[in-house]
Amino acid sequence: MNAATHPKQAAGAPAPAADRPVLDVAGLTISVRGEDGERPVVSDLSFSLARGETLCIAGESGSGKSMTSLAIMALLPQPQARISAGSIRLGDTDLTSLDERRMRRIRGNRIAMIFQEPMTSLNPVLSIGRQLVEAIEAHTGVSSAESRRLAIEALTAVRIPEAESRLKQYPHELSGGMRQRVMIAMALALKPDVLIADEPTTALDVTVQGEVLELLRDLQRQHGTSVILITHDMGVVAEMADRVIIMRYGRMVEQGKVADIFERPQVDYTRDLLAAVPRMGTGGARQVPTDKAEPSQPTDVAVARDLHVRFDLTGGFFGRVNRRVHAVEGISFSIAANETLSLVGESGCGKSTTAKALAGLVPYHGELEIGGRNLKGLGREARKAVRRDVQMIFQDPYASLDPRMRVGDLVAEPLVIHDIGTPGERTERVAALFERVGLSVDQMERYPHEFSGGQRQRICIARALALRPKLIIADESVSALDVSVQARVLQLLKELQAEFGVAYLFISHDMAVVENISDRVAVMYLGQIVEMGTRDQIFSNPRHPYTRRLIEAVPVPDPQRRRARFARMEREIPSPVRKLGDAPRKLVLADVGGGHLVAESPVS
Amino acid sequence: MIAYLTRRLIQAALILLGVSLITFALLYLLPADPVRQIAGRSATPQTVESIRQQLGLDQPFAVQYWRYLTNLVSGDLGRSYIQRSEVSELIVARLPASLLLMVGAIVCELVIGLSMGLIAAVKRGSATDQALMVGSFIGVSAPQFVVGLLLLYVFAVKLGWFPIGGYGTFSHMVLPSLTLGILGAGWYSRMMRSSMIDVLRQDYIRTARAKGLAQRAVLFGHALPNAILPVIAMIGIDIGMFMGGIVVVESVFGWPGIGQLAWQAIQRVDIPIIMGVTLVSACAIVLGNLLADIVAPFIDPRIKLR
């Protein structure tokens, strides 16, 4: 074999001619060994990647898209997973036949990869500079001064300001968006032929997502890098792809040019997938309940008045409070029965803290009323009674169910805690709830790990409904679900609302989902509400610049409406941590007509 | 940093005060009578009583403790009942030997424990892993006097590689350090293994491999600094465990440290020495923990001392 006698060649081979594919995958089959023998997670997958092309591999969880990317990098989880058939050719080299030593020279050098989780993908105990320089020195023989220069250059290329001083910083000192840029800088520092980006923006806020996508696109244009972008988000596909591969259960179900996939999907699955994608500006699936609720003077299920949540940070010699996190700063809202109020905003804006205050999980200042009773000054028993009226559904259906309890017992637990009914009555009620949320009664005896993510979230919904609450707080409850599952869970939530008249406080960062489910929307920024109004007021007539930026940043699942330029933020969102006595200025909301409240001055 | 240190040292003083009070009270409640030990069997009641008065042991507990504490503040640990010399002198004469033994034991623990844990984690599930973990289990469960005697028999008596006992050269140190360190090495290898397995699953390890780093660079450059953090916190606690082990190991190997001093004192109810050794050990534990906490931020930049 050539590469053995000329070891340099694999790493430094001349770029293949433009008409030949950079990467060619043929008949790739990946098997994973489990308890019940080996089973394929990717079967007979073939595709090729041209120079400078962006290929999106899209699919829902379990479709094998991430396994494919790990196989190309030869980073499949060992020893369970292996490539059982097929080839992956980079130029003239078949990567499946390379040993680890030669594969190492390709990794990070000719094929680089960035991962989904920027928060955990950088080593927390090593400086940014060390991690960057190391990536460069692993493949080049340059001096340390030269690799340092290259590192600074790479950071500058991903538009990180003051690149040189960043080298000394550690990952925890940077925001998620910044860390993902460091990852990109690391991946592109050696100008690889192929960049694999596995859900690179899924964990990022939507405005940051736009910037990172744009950055990837620009860098690709400059260097002619071929990109494999793995994503579940059809909006990102429409925004970025030249060609698309749709995968399901480890098989390619359809591939084609991005415009063809979106306009003329050939396969039912693709059509279903695209139909399930929540789109903005297509609302109306939901009737506005104002006309039906108006005559009978809607009763407010929950009211917040001038709600503050602040967390003290201690420091100094005697551990005194010297700084405060201003998580929620004087917000007021009300939710009527049968109504859905959405809180939207980016991470750290205080939306989840608001929910926790409402559920009695964090101390607060200001007024909170549930079902007309003020939570302040209630005794232990009265507080417990009020809590029956407020239930929560959390984001991660995997982490919010105790793995050692049967799901039937999990749903019955709130009834036990509040001492409602006899065991027989409880079982009956739980059975009814199971049927109502679309699960079967005989599943009550099973354990959480036997259910899929969507089913688990249904169990969480059943648990929240068990006490027949007046208000359900859904904190990013559909964010972790695949789009098709997400659509069904949202539909279930709407049906349950119509049936039980329960009010929802719906917390989400996903503007499309919010538009789909909300009656009213409140936009939060740095602990305060900057705009609040009906869904139509917010989405058809956003007044506050921050609201506009949020809406514009959402990638539209339509390749025809691809943006040339993303809305770019001038600077990062400031920290909500402030010195004592330095409370932020309170925004005054003005009514611009029809109850549409807008903060009077721009945030910046 | 200075504020942090000051606060920790104040805490340390309070801990030592507590330790002194509890030990003093326990020794006061002891049914054994130190005066009888000093005076001997044949002493008349008058002699016993005069010795009791002379030592102030006829005073109420509060008075005795207060006197001990005021002396302690001025650096006076009292005089040994039996050996007729200052406790502080006795301890100072023997402390270096014990500290040397501890340093040797820590080195053994770290070298053996960490490398065993590291290898086991990397070769997780293999025969090597299982063999190492059985070894660590034996290390954890074997009594120290058995380990000590076994090492002594094999390496000193049979093979003659090391001296049978005593103190002075490096080769004198090997067997006692090993005996004292083997228990900790067993714990550390288990901790290191689980910590390392956990770290090797992290996303940043995948990132490091995706950069094309060699396995060695991934393990030692990326995984080790993260995996070693919980182990460092253990070293502080470990020094406390040494204090128990030192008594046994020093008697087995005839090592002239404070363990032997304490053992003799306990047999003869020599209260000032027992108090002195207990306080010195408590100091060592407190300082060891402080040291571990001070070292941690140098490895993990996320830790801030405040």
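A:Arg543 is partly exposed, with a relative accessible area of 37%. Here buried means under 20% relative accessible area, exposed means over 50%, and partly exposed is in between, using a 1.4 Å probe and protein chains only. This is a predicted model, in which local features need pLDDT of at least 70 and side-chain atom pairs count only at pLDDT 80 or more, while totals for chains, interfaces and linings use all residues. Residues are numbered from 1 along each chain as its sequence is written, chains are lettered from A and ligands numbered from 1 in the order in which they are written, and side-chain values use heavy atoms, with hydrogens and water left out.

**Around A:Arg543**

A:Arg543 sits in the loop between α21 (535-540) and α22 (545-553) of chain A. Helices (H or I, at least four residues) and strands (E, at least two) are DSSP runs, numbered from the N terminus. Leaving aside residues up to four places away in sequence, A:Arg543 touches A:Glu531, A:Arg548, A:Val592, A:His596 and A:Val598. A contact means heavy atoms within 4.5 Å. For A:Arg543 and A:Val598, the separation is 55 residues in sequence and 6.8 Å in space, C-alpha to C-alpha.

Side chains of opposite charge can pair when their charged atoms come close. The rule for a salt bridge is a side-chain nitrogen of Lys or Arg within 4 Å of a carboxyl oxygen of Asp or Glu. By this rule there are 36 salt bridges over all chains.

| Residue | Partner | N to O distance |
|---|---|---|
| A:Arg82 | A:Glu38 | 2.9 Å |
| A:Glu339 | A:Arg520 | 2.8 Å |
| A:Asp389 | A:Lys470 | 3.2 Å |

A:Arg82 forms a salt bridge with A:Glu38. This pair links distant parts of the chain, with A:Arg82 in strand β4 (residues 81-90) and A:Glu38 in strand β2 (residues 37-49), 44 residues apart. A:Arg82 counts as partly exposed because its relative accessibility is 41%. A:Glu38 is also partly exposed, at 38%.

A:Glu339 and A:Arg520 meet in a salt bridge through their side chains. A:Glu339 lies in the loop between β12 (320-336) and β13 (340-344) of chain A and A:Arg520 in strand β19 (residues 520-525), so the pair ties together parts that are 181 residues apart in sequence. Both A:Glu339 and A:Arg520 are buried.

What do the side chains of A:Asp389 and A:Lys470 form? They meet in a salt bridge. A:Asp389 is in the loop between α15 (380-387) and β16 (390-393) of chain A, and A:Lys470 is in the loop between α18 (453-465) and β17 (471-475), so parts 81 residues apart in sequence are tied together. A:Asp389 counts as buried, at 17% relative accessibility, whereas A:Lys470 is partly exposed, at 38%.

Salt bridges can also join into a network, as with A:Arg51, A:Arg110 and A:Asp193.

**Where chain A meets chain B**

The contact takes 32 residues from chain A and 24 residues from chain B. About 2,400 Å² is buried between the two chains, and carbon and sulfur atoms give 59% of this area. Buried area is the accessible area (1.4 Å probe) that two parts lose on being put together, summed over both. The rule finds 1 salt bridge across this interface. A:Glu134 forms a salt bridge with B:Lys211, with the closest N and O atoms 2.8 Å apart.

The elements that give two or more residues to the side of chain A that touches chain B are α4 (100-106), α5 (128-137), α8 (176-188) and β11 (300-315) of chain A. Of these, α5(A) gives the most, with 4 residues.

**Chain B**

Chain B has 13 helices and 0 strands. Its C-alpha atoms fill a box of roughly 85 × 55 × 30 Å, taken along the principal axes. Of the 306 residues in chain B, 43% are buried. Among contacts in chain B between residues at least 6 apart in sequence, 73% join residues at least 24 apart.

Is B:Ser20 buried or exposed? B:Ser20 counts as buried because its relative accessibility is 0%. B:Ser20 is found in helix α1 (residues 2-29) of chain B. Not counting residues up to four places away in sequence, B:Ser20 touches B:Tyr65, B:Leu69, B:Met275 and B:Leu279.
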